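Trainee: Could you take one spot in this model and go through it closely, then tell me what is packed inside?

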Amino acid sequence: MTNKTRLLVRAALMTCAMFAFVIDSAKADVIEIFHADSLGGPMSGLKKAFEAKHAGVTISLTPGTSRQLADRILKGDVCDVFAPSSSTIANELVTKKAAAWSVVFSANEMVVITAKGNPQGIRQIADLAKPGVIFVRITGEKDLGTGRTIEFLKRAATLEGKPELAQKIIEAAGSENSVPDTVRAVREGKANAGVVYYSAAVAAKNDLEIIRFPASVNLSDAIQNAASVPATAKNPKEATEFVRFVLSAEGQAILTQAGQPPVVPAIRTGDVPADVKN
C-alpha cells in the first residue's frame, strides 16, 4: 500500500468517525419525555420554550396514562423525563430504584366541559342528569382520571344536596377511554358534556366551555403533577435541565397559563440535585 493510499484510507476512516460522532451527538440531543395525557397542553408550551433556548435540542413527547407509562419505564423503556399526574406513581419509581428523585411541580383539578356556548345550560352536576343530556366520562382501566371523575361527581353531587344523583350519572354515562377521547367526544358533538382535567380543558378552550367547581370538590388537593429523571434516561444532564426549566419563573408562567398552578416550593423526594428547585 502506497503512502498516498494510506493517507486516503486514514482520511476516509476519520470522516466516518466524525460522521458517527455527529449522528451520536444528534441522538443525544433528543430528550424523550413521557407525560400524563392531562399534561399535553402544558408540555407542548414547555417544549416550545425550552427548544427555543437550547439550539439543536429536540424534545419528543409521549402522552399516555401515568400508570401505563410508569410500567414501560419499569420494563426498561428509554425515558429521559417522566411526568405523571400522580406524585405516588412518581415516588414509586424512586422506591423501586428506577429513579433517584422526583419533584411535584404543579396541581390540577377536575372540571365539567360542554360544547361551545353551553347549549344545554349545564351549570351544576345535577344538570348532567337532565333528560336529553349526553354525558361521557373516562373509563380507562389504568387511567387515574377514571377514579377521579367518579370521586369528583360524588363530592359535587353531595355538595349540591343530591348525593343519590352521582351513581345515576355515572351509570348512564357514555364510555370514553381516555382524557383526549372525552374532550374529542364533546368537541365533535357526540356528547353534551364530560369531566376532564382543567389543563386538558384549557388546551381545548377555543372549542369548549369550562365549568369549574369549589376546591372542596374539584380534587385540587389530591391531583399533583411530578417529574423525575428515570434510570433508563440516555440524556440525564439535558433531562435535569428540562426539569429545572419547568421549575423556573418562565416555566411556572407557562404552567399557570395552561391551567396548572405551580406548587411552590416544589415537593422534593429522594436525592434531588441541589439546583433543581424553585
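Mentor: Let's settle exposure first: buried means under 20% relative accessible area, exposed means over 50%, and partly exposed is in between, with a 1.4 Å probe and protein chains only. This is a predicted model, so local features need pLDDT of at least 70 and side-chain atom pairs count only at pLDDT 80 or more, while totals for chains, interfaces and linings use all residues. Residues are numbered from 1 along each chain as its sequence is written, and side-chain values use heavy atoms, without hydrogens or water.

Our spot is Arg 72, which counts as partly exposed because its relative accessibility is 35%. Arg 72 sits in helix α3, residues 66-74 (helices are DSSP runs of H or I, at least four residues, and strands are runs of E, at least two, numbered from the N terminus). Skipping neighbours within four places in sequence, Arg 72 contacts Phe 34, Thr 62 and Asp 77, a contact being heavy atoms within 4.5 Å. Phe 34 is 38 residues from Arg 72 in sequence, yet their C-alphas are 9.7 Å apart.

Now the inside. A nonpolar core is a set of buried Ala, Val, Leu, Ile, Met, Phe, Trp, Tyr and Cys residues joined through side-chain atoms within 4.5 Å. The largest one has 41 residues, with Val 112, Ile 125, Leu 128, Phe 152 and Leu 153 making the most contacts inside it. Elements giving two or more residues to this core include β5 (110-115) and α5 (144-159). Beyond four places in sequence, Leu 128 touches Val 112, Ile 122, Val 133, Phe 135, Leu 153, Ile 169 and Ala 193. Apart from that core lies another, of 29 residues, including Phe 50 and Phe 245.
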